[in-house]
Amino acid sequence: MSKDFTHLHLHTQYSFLDGAIRIKDLIKKISELGMKQVAVTDHGNMFGALDFYKQARASGIKPILGIEAYITGSANYTDKVRENFHLILLAQNNIGYDNLRKLTSESFINGKYFFPRIDKKLLYKHREGLIATTACLGGEVGKKLAQNDIDGARAAAREFKQIFGKDNFFLEVQPNGIALQNRVNAQLAMMAKEEDLRLIATNDCHYVNQDQHDAQNMLMAIRQQKAWDD
C-alpha cells in the first residue's frame, strides 16, 4: 500500500455489529505503513470521533472525521420509510465538522427509523465544509447502476453534484473483487467523464488485517441474524 494513499471509507467498532477495527489497532497499522492521514466513516454516527482524533494526533497522524450517512428514500427524513442509501461525508474543515455534528444529531433525534436518517434537503442546508462520495453498492448511484437504472443513477449523481458542488462530490470506486462492483466501477468511470466528475478509490475497510475477516463476518452474521457461513 502506497504511503501516499489515504483510506477515506473505514469502519471501526463504533459501526456496531459491522466494523471490527479497534482505533488503537488502526493507528498502529497506519503508523507502520507510514501513512500520514486516515479517515473514519462509521455508519450514521460519530461516537468514536473524539477517541480517534486524540489517538491519531498523539501519533502524528492527521485524523479525517466523517460518517457513512443514511439518506432516506423518502422526501422527508421524518417519514417512516425504511428504504435508504449510503453516502460518505467527510469534514473538510471546522465548519464541516460542525455540520456533521448537526446532521448526525438530527438523524438520531428526528430521523431515526431503523437507522438514523437524513434527507437531501437537510444535506443542502448543512453542506458547507463537507466532501461527499457515492459510497458502496448501498449508495444511491451504485445501487441504481447495479439495477441497470442508468438514467436514475445519472440523475442522483447530478443531484449530489448540485448539493455539494463539482469540487466536493466524488464518484467512489472500490477494488473489492466483487463481480457486480467491478461492473459498477466501470460504469462510474464512464459517468465521471460524461458528467465532468472525479473518481475516488476506497477500500471500504472493516478490519485491519486479513486474519480478522472471520471475526468481522461473525459480527455481520449476528446483525443480520444469519448463520455464520451464509
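Reply: Start in helix H3 (residues 94–109): Arg101 and Asp98 are three residues apart there, so about one helical turn separates them. Helices here are DSSP runs of H or I with at least four residues, strands are E runs of at least two, and both are numbered from the N terminus. This is a predicted model, where local features need pLDDT of at least 70, side-chain atom pairs count only at pLDDT 80 or more, and totals for chains, interfaces and linings use all residues. Residues are numbered from 1 along each chain as its sequence is written, and side-chain values use heavy atoms, leaving out hydrogens and water.

Me: How far apart are the closest N and O atoms of Arg101 and Asp98?
Reply: They are 2.8 Å apart, and the pair forms a salt bridge (a side-chain nitrogen of Lys or Arg within 4 Å of a carboxyl oxygen of Asp or Glu).

Me: Ok, other topic. Are Lys144 and Glu140 buried or exposed?
Reply: Both are buried (under 20% relative accessible area; exposed is over 50%, partly exposed in between, with a 1.4 Å probe and protein chains only). Their side chains form a salt bridge, 3.1 Å from N to O. The two residues sit four apart in helix H5 (residues 140–146).

Me: What does Asp196 form a salt bridge with?
Reply: Lys166, at 3.2 Å between the closest N and O atoms. Asp196 is in the loop between helix H7 (179–195) and strand S8 (198–201), and Lys166 in the loop between helix H6 (150–164) and strand S7 (169–173), so the pair ties together parts 30 residues apart in sequence.

Me: Which residues are joined into one network?
Reply: Lys120, Glu140, Lys144 and Glu159, through salt bridges that share partners.

Me: How many salt bridges does the structure hold?
Reply: Nine.
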